Amino acid sequence: MQNGAETLEQYAKELAAELTPRLTTDLHIIAHQSGWPEDLIKVLKVDLSPTLQLEVTYPEENKTEVEDMEYGTPSQLPNAAIRPFILRAPKIIENFLETRTLPEMFVKLGVW
Amino acid sequence: MAFILAEETALKSYVQGIKVGDDFSPNRTVKVWFGYPDVEVREQTFPYITIDLIDVVPGNERQTYGYLTDTDYSGTITPVGGVTYTHPIAVAYDLVFQVTTYARHPRHDIALMQQLFKKFPSKYGYLIVPNDLGTENSSRSMFLDGFIKRDTVEGETGNRRLLRNVFTVRVLSEMTPDVAAAVVGKQVTTVNINTTTSSIPSTYTPA
């Protein structure tokens with residue numbers, strides 16, 4: 001039988017599986033609005049780390065291109081997309097948790 | 001000065017005046033630019049610092065509502081005896097700036113890092129911003145949201161090393177009531193719909 005912490009961790013993973021695609025789409029929209037090229041937008045993803053932290057990821061081979069867009073280069077001004085996304089992400093997650101998951105979480109943990 | 005312009009100017013003043021030293025010159029003044037200094041427009045003398053506004057985010061978490069009464073309309077109108085103004089509380093915003101240092105010399109690079117980390121601590125940082133009338137200052141909370149090193153040694157910099165540090169700095173701000181009221185007072189009368197869409201994010205197009 002699972003204890004409360006294991007149930008919660010399992011539930012967090014289930015939620016993340018649903019949440020990360022939504023966050024990835026939001027990240028793509030912000031990158032698109034910031035003028036990032038489409039092929040670079042496609043490599044950006046929001047993932048859940050092994051320590052259950054949400055993080056923006058991209059392949060190592062795109063690191064320079066992504067960071068050049070985000071922070072600028074000696075000849076190009078920054079077109080930040082990841083940082084604006086990170087500033088907005090808590091609100092998106094909060095809305096998701098409030099409307100979709102808090103009641104479910106309480107039911108699963110036997111609070112209600 | 002108006003919202004955004006006041007903070008940009010205050011931030012530039014705050015960063016200006018940094019000096020670095022090396023074997024040839026013990027006191028080299030570091031210039032500060034808004035945006036990257038175009039080689040055709042301005043002389044690029046290393047080291048230097050650039051400031052870019054990269055985001056403006058509504059500060060909804062600390063927004064309050066109500067009315068204030070004062071004699072200078074939140075520091076925008078010269079007080080006249082016996083006249084008071086009642087106006088809505090200002091609209092809260094966070095302004096996010098990228099402060100980037102550029103250096104060729106490692107000692108300059110380290111000196112710039114050391115001085116800017118002192119200016120932008122992760123906690124307890126603040127920026128003094130004067131009001132429109134120049135009669136009062138406000139201390140705005142300021143946070144270091146991120147730091148990254150972006151050194152390059154070849155390629156776009158012509159095989160010369162370029163040492164770069166990127167500081168992401170967030171300054172709390174507010175839009176003064178008259179600016180906010182001017183926006184609120186306007187009504188949308190027509191909406192133009194683009195029937196031929198040409199710019200749809202890839203994630204919204206059918207597979």
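Predicted model: local features only at pLDDT ≥ 70, side-chain atom pairs only at ≥ 80, totals over all residues.
Figure 1. Of the 112 residues in chain A, 38% are buried. The accessible surface of this chain comes to about 6400 Å², and carbon and sulfur atoms contribute 56% of that area.

**Figure 2. Helices and strands of chain A.** Chain A contains 4 helices and 2 strands. Along the sequence, these elements follow the pattern α-α-β-β-α-α. Among contacts in chain A with a separation of 6 or more, 53% join residues 24 or more positions apart.

Figure 3. Most peptide bonds are trans. B:Pro47 lies in the loop of chain B between β3 (31–34) and β4 (48–58).

**Figure 4. Positive phi at B:Ile4**. Most residues other than glycine have a negative phi. B:Ile4 has a positive value, with phi near 80 degrees. This residue is located in the segment before α1 (5–15) of chain B. B:Ile4 has a relative accessible area of 22%, so it is classed as partly exposed rather than buried, a term that requires a value under 20%.

**Figure 5. Positive phi at B:Tyr124**. B:Tyr124 is a residue other than glycine with a positive phi, near 65 degrees. Its place is the loop of chain B that runs between α2 (106–119) and β8 (125–130). B:Tyr124 counts as exposed because its relative accessibility is 76%, and the exposed class covers values over 50%.

Definitions and conventions. Residues numbered from 1 in each chain as written. Chains lettered and ligands numbered in written order. Heavy atoms only, no water. Buried < 20%, exposed > 50% of the residue type's maximum accessible area, 1.4 Å probe, protein only. Contact = heavy atoms within 4.5 Å. Areas by Shrake-Rupley, 256 points an atom, 1.4 Å probe, with all protein chains shown as cover.
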